[in-house]
Amino acid sequence: MLDGPVSSYLKRHFRHFNAATLIEAAEAYGRHVDNGGRMFLSLAGAMSTAELGISLAEMIRREQIHAICCTGANLEEDVFNLIGHHDYERVSDYYDLTPADEQALLDRRMNRVTDTCIPEDVMRRVEKAIAPEWLAADREGERLLPHQFFYRVLREEKLKKYYQIDPRDSWLYAAMQRELPVFVPGWEDSSLGNLFAVYHLNGEIRNLHTARSGMEYMVELADWYARTAARHSVGFFQIGGGIAGDFPICVVPMLRQDLQRKNVPLWGYYCQISDSTTSYGSYSGAVPNEKITWGKLGAETPRFVIESDATRVAPLVFGLVLGA
């Protein structure tokens, strides 16, 4: 693939330190997929509110990403942005906000994520679309994974009248179109996960297990990895840390060491965009070599850490992979 203007610029100017690592990681990513590999993405932080969907959705459409593990917040906030983008408020001076300023935002029902305020009304629009799906599933004894409820709402266009951005800039919409495997451990740690618990507590949802659990996501992930890795080398591209990264990368030692399955390949590529400090004991800041000791990566696995801000770095890596 020929380089476009963005790729040409980056390759000319990004020559050393983290900039050089970015180029090397993107080129190795491209080789991995071009050679028939598959790429697993983990999505932590507030990447959906940072509108990473603009570049991530295209990566999904172009078959450069084959499965995603994300937090419950990233799952829902991509949909919040899809239907409420113009109602958001940006707070450019968020470093200077006083407690009284924060209280004023709360009084106006504006939920702040760094420099972006999500109106409570936007969340309620999504609740009104997805709660009937929860209730119907509960009545019929149907059980779905949390992302499958979102897929159903998007596929049936229950929110289409509210769209405020082009759905091509929604990564979850692109994932729904491709039926991409999505894994959302700890979904209860999200606004809609909290609301699902409320519907159970007030008696509207009888069976708490109508929404399938994180443990079931792990079983689904083990099945996906075993089937996929039997035919393709599977790489791991990690944005941030936390449960979105920790949960899925452990599937390999679980299959190999705990389940004692033979011939389960290690992850075939690894890259993490991180701003976490290694010396603080943070797992998110651990260098990739540590993962060798846990049976996740091999000594020969291509591995990279780009120590920078994912909101800047991830779109650049994606642009290089796509030849933008």
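How many residues of the lining of the largest pocket are nonpolar, how many are polar and how many are charged?

A: Happy to! The lining has nine nonpolar, 13 polar and five charged residues. Here Ala, Val, Leu, Ile, Met, Phe, Trp, Tyr, Cys and Pro count as nonpolar, Asp, Glu, Lys and Arg as charged, and the others, Gly among them, as polar. This is a predicted model, where local features need pLDDT of at least 70 and side-chain atom pairs count only at pLDDT 80 or more, while totals for chains, interfaces and linings use all residues. Residues are numbered from 1 along each chain as its sequence is written, and side-chain values use heavy atoms, with hydrogens and water left out.

The pocket (an open set of points on a 1 Å grid where a 1.4 Å probe fits, with protein on both sides within 12 Å along at least five of seven lines) has a volume of about 520 Å³. In total, 27 residues line the pocket (an atom within 4 Å of a point). Nearest the centre of the pocket are A46, M47, A50, D309 and T311. Strand β8 (269-274) and helix α14 each give at least two residues to the lining.

Helix α14 covers residues 310-322 and packs against helix α2, residues 17-34. Their axes (lines fitted to C-alpha atoms) lie 9 Å apart, at an angle of about 45 degrees. The crossing of α2 past α14 is right-handed (the near helix turned clockwise from the far one by less than a right angle).

Which side chains meet there? From α2 come L22, I23, A26 and Y29, and from α14 come V313, L316, V317, L320 and V321 (heavy atoms within 4.5 Å).

Definitions and conventions
Axes are lines fitted to C-alpha atoms, for helices over the stretch in contact, and angles run from 0 to 180 degrees between N-to-C directions. Helices (H or I, at least four residues) and strands (E, at least two) are DSSP runs, numbered from the N terminus. Grid points are joined across faces, edges and corners, and a volume is the space filled by probe spheres set on the points.
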